[in-house]
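Morning, everyone. Let me put the model up, and then we'll walk through its core, its domains and its salt bridges.

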Amino acid sequence: MIAAFTSEWATALARWLGYLGASVLVGVVALRLQRQATESQLNHSRRLVRLAGLALLVAVLARMTQQALLFAAAPEEALAMVGILRGTAWGTAWTVQLLAALAATLLPGAYVKKGLLLALALALMAVLPPAFQGHAFGSEEFMVQAVVADALHLLAAGVWMGTLAVLVIVWLGQASGTRALEFVTAFSPWALTGAATLGVTGVFASWLHVRTPAMVWGSSYGRTLLLKVVLVLAVLALGAVNWKRITPVLLSPGGVARLRTSARTEVAIAVLVFLVTAFLVATSLPGE
Ligand code: HEM
C-alpha cells in the first residue's frame, strides 16, 4: 500500500494534479487582468476556483506525505519527517502552496471578487512554489537564473493554458459569436506572450539540463523531454489554427462550435503536457 502510494506514478499524478489546479487558479486571475469578464461572470468561476483549490490541496498534502514516507526510515517516523521537511525550502514551498489552496477551497471569492492584489498574490503563491522543488533549485550552475526561468515557465504555463482552460470550461459554452470574438481578441496577446515565455525559458532549462544532442537520445530524461516538446508543438499548431483560421470566421454559422472543439482539444493536449512534465521533473538528469 505504502509502496504504491510512493511509487513513481503516484508521485507524478500528485504533481500533475497540482500543476492543473494551480494553472486554473492563475487562469482565473489572468482573466480578471484581461478585463474581459464581468463581475457576475467571474462569480460563476467560484465553483471552478473551489475545485482547482481542492485539486491543489490534495496534491500538496499527497506530495508532503509521499516525500515524508520516502525519507523516513519507517512509516511511523513519517510524521516527524513532515516536521523536519517543513523547515526546508521544499517545506516552505509546500506551506505557501497549501495556504493558496486553502484560500481557494474555503474563500474562492478571494480569487474572483476581492482586491486584485490579493488575488494576484494568491495565484503566485499557488503556481510558483514548484520552482523551489525541482531540478532548477538543485542546479549546480546558474541556479538563480534557473529558478527565475522555472518560475516564469510555471507562470506562463498558467497564464496561457490556465486561461484557455477557464475560457473553455466556463465561458465559451454559452457565448455568442460576438462575445467569443471579444474573448479571443483579449486572450490572443496573453497567449502569444505565454507561448514565447514558455519557449525561451523551456529552451534555457533544456540546455541547462541536457547539454549535448547525444544526451537527448541517450537518457530517459532526454527522451521524456522530447515527448514533451512534440506535444507542445501540437498545442502550438492548434493555437495557430484557432488564431489564424477559426477566429476570422468566428461570426459565421458554426464558427463558435469550431472554436470550442479546437480549444477543447488544445486544452486536452496541454493536460498531457503537464502529465509528461510531472514525470520529467522526477526523472534523473542525464549523467546523474
Ligand atoms: C504548453 C507549453 C508548456 C507547458 C504547459 C509547460 C509546463 C511546464 C511545467 C508545469 C514545468 C514544471 C516546472 C517545475 O515543476 O518546476 C515545466 C518544466 C520544464 N519545461 Fe515546460 N512547459 C511547456 C513548454 C515547454 C517547452 C517548449 C520546453 C522546451 C523547449 C519545455 C521544457 C521544460 C523543461 C526542460 C522543464 C524543466 C523540467 C525539470 O525540472 O527537469 N517546456 N514545464
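Start with the inside. The largest nonpolar core has 81 residues. By nonpolar core I mean buried Ala, Val, Leu, Ile, Met, Phe, Trp, Tyr and Cys residues joined through side-chain atoms within 4.5 Å. Buried is under 20% relative accessible area, exposed is over 50%, and partly exposed is in between, with a 1.4 Å probe and protein chains only. Leu25, Tyr111, Trp160 and Val166 have the most contacts inside this core. Helix 9 gives the most to it, 16 residues. Helices here are DSSP runs of H or I, at least four residues, numbered from the N terminus. The core draws at least three residues from each of domain 1 (1–133) and domain 2 (135–288).

A word on ground rules. This is a predicted model: local features need pLDDT of at least 70, side-chain atom pairs count only at pLDDT 80 or more, and totals for chains, interfaces and linings use all residues. Residues are numbered from 1 along each chain as its sequence is written, and side-chain values use heavy atoms, with hydrogens and water left out.

Look at Trp160. Beyond its neighbours within four places in sequence, its contacts (heavy atoms within 4.5 Å) include Phe187, Leu198, Val235 and Glu266.

Now the domains. Their bounds come from an automatic or database domain assignment. Their centres, over C-alpha atoms, are 20 Å apart. At the interface, 33 residues of domain 1 touch 30 of domain 2. Together the two domains bury about 2,800 Å², 76% of it on carbon and sulfur atoms. That is accessible area, 1.4 Å probe, lost on being put together and summed over both parts. How many salt bridges cross this interface? The rule finds 0. On the domain 1 side, helix 2 (8–33) gives the most, with 16 residues.

So where are the salt bridges? The whole structure has 2, each a side-chain nitrogen of Lys or Arg within 4 Å of a carboxyl oxygen of Asp or Glu.

One joins Arg211 to Glu141, closest N and O atoms 2.8 Å apart. This pair links distant parts of the chain, 70 residues apart. Arg211 sits in the loop between helix 10 (177–209) and helix 11 (213–218), and Glu141 in the loop between helix 8 (116–127) and helix 9 (143–171). Arg211 is partly exposed at 35%, as is Glu141 at 40%.

The other joins Glu182 to Arg179, at 2.5 Å. Both lie in helix 10, 3 residues apart, about one turn. Glu182 is partly exposed at 42%. Arg179, at 19%, counts as buried.

Terms used. Helix = DSSP H or I, 4+ residues; strand = E, 2+ residues; numbered from the N terminus.
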